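Please work through each task before reading its solution.

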Amino acid sequence: MSATPKDDLELVRDLQAGEDWEENARLLHERYAGLVWSSFQREGQKPEECEDLTQEVFLRVFKNIGSFRYQAGVKTWILAIARNLFLNEVVRRGESAPQHRKQEGLDQVERLDPGQLLPAPWIGSEDDPWESAWKRQQPEIFLAAVAELPDRMRQCVLLYYQGRTTKEIAILLGIENETVRSQLHFAKDRLRAKLGPGGPKPPAKGGTEGTSGS
Amino acid sequence: MSGTQSFEERADWLRETVAKSQAGGARVHPDLEEMAAYAEGGLPEGRRAEIQEHLVACASCARFALDLAEVAAEPFAATPSIPSVSAARWEKLHPRLVEEGLALPRAAGALAAWVPAAAGRRHLGSLGLAAALLASVLANGWQWKEAKEPRIAAEVVQLSITRGEPEATPIALAERSRHQDLVLQIDANAVDPFPGLKAEILTWPEKKLVWSGTLEREGAQLTLAIPTSFLDSREYQIRLWGKSAGADGWKKAGEHLIRISFPS
C-alpha cells in the first residue's frame, strides 16, 4: 500500500482521465478549499459568503479541469479562478472592494517604505517629461518618444504612467525593484532631453504652429 | 487641453492610445491559466513577452496579475484542515457536482465505487443504471430528478466532409454533453438558414441509420442532442436536412463524418 499522497498534477491527470473521479475530486477540494476560503476572508467577506464563493470556485474548477493545460501550478490556477470569481461578484454587487483592498495594501507598503511609492517624484512636477509635452498640446510626441525607448524601459514608463508603484512594476515584469527605478531614472533623462525645453519641437501642424511665441 | 490634466486622465489617454497601437495578439486577454502561469514566472519567453506587452496597455489585466502574484506568493495560512469542516464542505458541494453531471448521486459506498464516476452511462448497462438509481433512492429518498448520469467523457473528432464546405461547418462536442445525451454543436452560420433542420446519424461506412432528430437553435449555434444509448465508439456520418417554409420535402444541407470515442 502506498502512503505517498498524490501530488496536484497526479490528481488533475486522474480527474481528466475520469479515474476514480469522485475520490480525486474530493482530495483536491480537501487540499485547497481552506486556502480559497481564506482568500475570500481576506477580502472582508463574511463566513457564509466565503463558503458560497468557495463552493462556486470548486464547481468551476471541476467543470474546467478537463481544459487544464499544465501551464500553471494547480494551486495558482485555482486561486486565479477564485480571484476572477470574486472580481465578477464585486462588479455584480456594484461594489469597489478590490480597489479598496488594494488601497489598504498600498498604505501598508507606504508605511514600510515611502520611497518605493508613486506618484513618483517626477510625475506632475516640472521634471515630468509628460508635462512639457502636454503643455504643448502634443501628447502624441510624448508617446512617440516613449516608443523609441528600449523595450524594458518603455514598459516601465508606461506601467509607471498607469499609476503602478515601482514595486508593482517589478512584480509585473519579473525584475528587481532597483532595476525598475534605474530604468525610470534613465527614461526620464532621455525623455526630458527629447521633450524638454532644449528638445526638438513638435512637428508643424497645418500652419498654426509657432504663432503664440514670437 | 491644459496643464491641469489629472493623472488619471493622462493614464487613460496613454492606455487607450497604447492599446490601439498594439498588434492583434497583444489585445487578447490571457486566459486564467496563462495569468496564473505568468504570476508564477512561468510560460515560454515569447508568450511571456506578449503578456507583458498586454499588461502595459490593459490596466485590468495588470491589476489582476498583481493581485494574483500577491495572493499566490503569500504563505497565508489556509483555514486549518479540520476533517469535519472539510467533509462538511464537500458534502455541500457534492449535490452541485451531481446537478452539473460531474458526480453521481450519493449512493451506498460499494455501489458508488462500482460505477465509474466520469465514464459514459452507456457502459453501465441497464442493470448498472437500475442499481445506481436504487442506491440513490436508498440514500436520498425518492428523488427521480436527482438520479442523473455523469458527464460524458466522450471525444468527438470531425474527420471529413462528403458535401458542403469542410472548414465552414465545424462540429464539436458541446459543453453540456452529459447525463444521457451527447450534444453536438454546429455553427449555425455555416448551414443554410432553413427554418427547419433535422439530422440523421448513420454508421460509417455501412450507412445504417441509427438515429434522427431535429436541430435546436441556440444563438449562433445549432445543437443536436443524441441519446448515448444509440451510440458506440466508432465513425458516423451526420446528414443534415433543411426544410424551407411552405415546402413539402426535406433538402440535403450537408454530410459530415465524425468519430465518437467513449472512454473504455
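**Exercise 1. Determine whether B:D31 is buried, partly exposed or exposed, and identify its salt-bridge partner.**

Step 1. B:D31 has a relative accessible area of 32% and is therefore partly exposed (buried means under 20% relative accessible area, exposed over 50%, partly exposed in between, with a 1.4 Å probe and protein chains only).

Step 2. The partner of B:D31 is A:R69, with the closest N and O atoms 2.9 Å apart; a salt bridge requires a side-chain nitrogen of Lys or Arg within 4 Å of a carboxyl oxygen of Asp or Glu.

Step 3. A:R69 lies in the loop between helix 3 (47-64) and helix 4 (74-93) of chain A, and B:D31 in the loop between helix 2 (24-27) and helix 3 of chain B, so the pair joins two chains. Helices (H or I, at least four residues) and strands (E, at least two) are DSSP runs numbered from the N terminus.

Step 4. A:R69 is likewise partly exposed, at 39% relative accessible area.

The model is predicted: local features need pLDDT of at least 70, side-chain atom pairs count only at pLDDT 80 or more, and totals for chains, interfaces and linings use all residues. Residues are numbered from 1 along each chain as its sequence is written, chains are lettered from A and ligands numbered from 1 in the order in which they are written, and side-chain values use heavy atoms, with hydrogens and water left out.

**Exercise 2. Trace the network of salt bridges that includes A:R83 and B:R63.**

Step 1. A:R83 and B:D67 meet through their side chains at 2.6 Å, N to O. This pair crosses from helix 4 of chain A to helix 5 of chain B, and both residues are buried.

Step 2. B:R63 forms a salt bridge with A:E168, at 3.5 Å between the closest N and O atoms. Here the crossing runs from helix 5 of chain B to helix 9 (residues 166-173) of chain A.

Step 3. B:R63 counts as buried at 13% relative accessibility, and A:E168 is buried at 7%.

Step 4. Together with A:E43, the residues A:R83, A:E168, B:R63 and B:D67 are linked in one network.

**Exercise 3. Describe the interface of chain B and chain A.**

Step 1. Contact (heavy atoms within 4.5 Å) involves 60 residues of chain B and 65 residues of chain A.

Step 2. The two chains bury about 6,000 Å² between them, 60% of it on carbon and sulfur atoms; buried area is the accessible area (1.4 Å probe) that two parts lose on being put together, summed over both.

Step 3. On the side of chain B that touches chain A, helix 1 (7-21), helix 3 (32-39), helix 4 (45-57), helix 5 (59-73) and helix 6 (83-99) of chain B each supply at least two residues. Helix 5 of chain B gives the largest share, twelve residues.

**Exercise 4. State the secondary structure of chain A and the share of its residues that is buried.**

Step 1. Chain A has ten helices and zero strands.

Step 2. Of the 214 residues in chain A, 48% are buried.
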